[in-house]
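Morning, everyone. Let's take a quick look at this one together. Sequence and structure are coming up now.

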Amino acid sequence: MREPLSSVALRTAVVAFVLVWSAAPVFLVVLSSFKETPEIFAYPPSLVFSPTLEHYRTLFQKWPDFVWTLRNSAVIALAATALTVVASVLAGYVYSRYRGRGLAASALFMVAIRLLPPIVITLPLYPVVSALKLADSHFLMVILYSTFFVSLGSLILKTFIDGIPEELDQAATIDGATEMQLLRRVIVPLSAQGMVAASVFVFVYAWNEYLFAFIFTTTRAKTAPVVISEMMGSLTGVDWGLLFAAASVQLVPVVAFVILVQKFLIAGLTAGSVKG
Amino acid sequence: MRKFGLPQFAMLLPTQGLLVAIIAVPSAYVLWLSFNESSYGSAPSFVGFANYEAIWNDRYFWRALVNTLVVINIIVYGELLLAFLIAAVFVKGVPFRRLMLAVVLMPYAISEVVAVVIWKYLLDPNVGSLAKAMAGLGLPEIAWATNPTHGLGLVSLISIWLHLPFTFILIYAAMLSVPRELYESARIDGAGGWQSFRHITLPGIMPAVFVALIFRYILAFRLFSEVWLLTSGGPARTTEVLAIYLYKQSFTYASFGKGAATGWVMVMVSGLIAAVYVHLLYRRGFRRDA
């Protein structure tokens, strides 16, 4: 059966649109970070040029705290991911294997409460955090980021654990396993995919987040997005090359990560929201 | 069925503890604060609904509210439309499918800050390729810094760009899960492309569209970073959205009571949207004694 011409045309148009819309802006920025400054201004943008690391040199010389903020972003994102996954496996397991009215109500609370706008809690947290000397600390950022993803994480893990036959639990229990052993030996290994799916969301969120980082960090725990926003704002006559270099260093690892685990991203989103 | 007891409660504790300590208690405090007059160095004093009255009579609040409602509707429906179109084409098969999916998902990995850098650059009249291409076509310059309509338009565009992957995934996954046999039998019964789309695809993906809509309404309602980084609400407070208004009341003008009242307005509006979602989820998920 031959495909009608209109359908071929539509497909071509959509594919072209997707390439220009999603990929081209990102590629242009990364590519331009290797161009000499006059080359950046060239129109149409050149695809062939002699690459330079000039902007990367300037970045690491003039913004020494950029490396520090990258390290902060990595530490905070990894710790938030670990905390979220552990909390989510435990909660996901209970919601999958136990039933009860109170439990259903707490699941409802879990899903509903995280829909509140994060900015609302910054106002009351600010003085508390200062009083507890937690302002500008890695610990605070890890807690904040985990809090906003334990709900999705628990929903994702519940869905994945639902897929593990309960006969396996029973077999393990008959063999004398305690519930903790059951979790470690059966549930955790068999829900590994769900754990990866949950990790993708927290990690990407924590690595990229701006609002909390902007309000709660100043120096010690400052993250990469905050320092990039300062580069964008503070410069009179923007140094585009520098900005592109910083943006590229920040985005390339996480874009590569998302592409690598895209299968889990899709599985996690559908498990966390549609199937519920 | 196993009995829920203390060990199970302990297993829920990390998740529920975080939610209670970091979201529920502070939100309750915000509610209390919204009925008090408070600033740096002065103890809160009860003022009843005065803060709500004050923001009700503040034209900048209304400007922020209207901006928020207009922008989130543009974002949510713009995204839905694009996601729908792309998913409908992808589901029939595209060349290099895995690669193309990666391309669609790419903006999901980009931070709001970098997205603002990217679009500011593209639309900069001196360097931006997009600005130069538009000038070549005789189109006007996007004056996002001085023209509030352009500013909010660009905010919407960046937001759609960042969140299209989310909406796309939900709709694409739903389209993939519509059973192929339904299309087969429709074709045998003589249904055309449009008819099978109208009578099979659409009803099949409606639940997912609904979930995507509600989710995106709630998330778009939080809109802060794109506006803050692009216009900071200017010029002359014309591009503020509710989150920016709240931030300024609380942290710039140190009027905590009014900030809190704004916060509680935001909580109620998103609560209303969330209630619809949770109601549906609850009915389908946790009540069912599977």
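**Two chains and what they share**

Start with the interface. Chain A puts 80 residues in contact with 80 residues of chain B. On the chain A side, the biggest contributor is helix H1 of chain A, residues 5-32, which supplies 12 residues. By class, that side of chain A has 61 nonpolar residues, 14 polar and 5 charged. One caveat before going on: this is a predicted model.

Now chain A as a whole. How many helices and how many strands does chain A have? The count is 15 helices and 0 strands. Its C-alpha trace spans about 70 × 70 × 35 Å along the principal axes. Of the 276 residues in chain A, 49% are buried. Next, contacts along the sequence. Take the contacts in chain A between residues at least 6 apart in sequence: 80% of those join residues at least 24 apart.

Let's zoom in on one helix pair in chain A. Helix H9 of chain A covers residues 166-174, and helix H10 of chain A covers residues 179-190. Their axes come within 10 Å and cross at roughly 140°. Why do we call this pair oblique? An angle over 145 degrees would count as roughly antiparallel, and 65 to 115 as roughly perpendicular. The crossing angle here is roughly 140°, so H9(A) and H10(A) are oblique to each other. As for handedness, H9(A) passes H10(A) in a right-handed crossing.

Which residues meet there? From H9(A) we have A:Leu168, A:Asp169, A:Ala172 and A:Thr173. From H10(A) come A:Leu182, A:Arg185 and A:Val186. By class, this contact has 4 nonpolar, 1 polar and 2 charged residues.

Over to chain B, and a hairpin. Strand E1 of chain B, residues 36-39, pairs with E2(B) in the antiparallel sense, over 3 bridges. One pair to click on: B:Asn36 has B:Phe46 in E2(B) as its bridge partner. Between the two strands sit 2 residues. In this hairpin, B:Gly41 takes a positive phi, near 75°.

Over to you for discussion.

How values were computed
Residues are numbered from 1 along each chain as its sequence is written. Chains are lettered from A and ligands numbered from 1 in the order in which they are written. This is a predicted model: local features need pLDDT of at least 70, side-chain atom pairs count only at pLDDT 80 or more; totals for chains, interfaces and linings use all residues. Two strands pair if DSSP finds at least two bridges between them. Helices (H or I, at least four residues) and strands (E, at least two) are DSSP runs, numbered from the N terminus. Two residues are in contact if their C-beta atoms, placed from the backbone, lie within 7 Å. Ala, Val, Leu, Ile, Met, Phe, Trp, Tyr, Cys and Pro count as nonpolar, Asp, Glu, Lys and Arg as charged, and the others, Gly among them, as polar. A residue is buried if 20 or more other C-beta atoms lie within 10 Å of its own, exposed if 12 or fewer, and partly exposed in between; C-beta atoms are placed from the backbone. Axes are lines fitted to C-alpha atoms, for helices over the stretch in contact, and angles run from 0 to 180 degrees between N-to-C directions. Angles under 35 degrees count as roughly parallel, over 145 as roughly antiparallel, 65 to 115 as roughly perpendicular and the rest as oblique. A crossing is left-handed if the near helix is turned anticlockwise from the far one by less than a right angle, and right-handed if clockwise.
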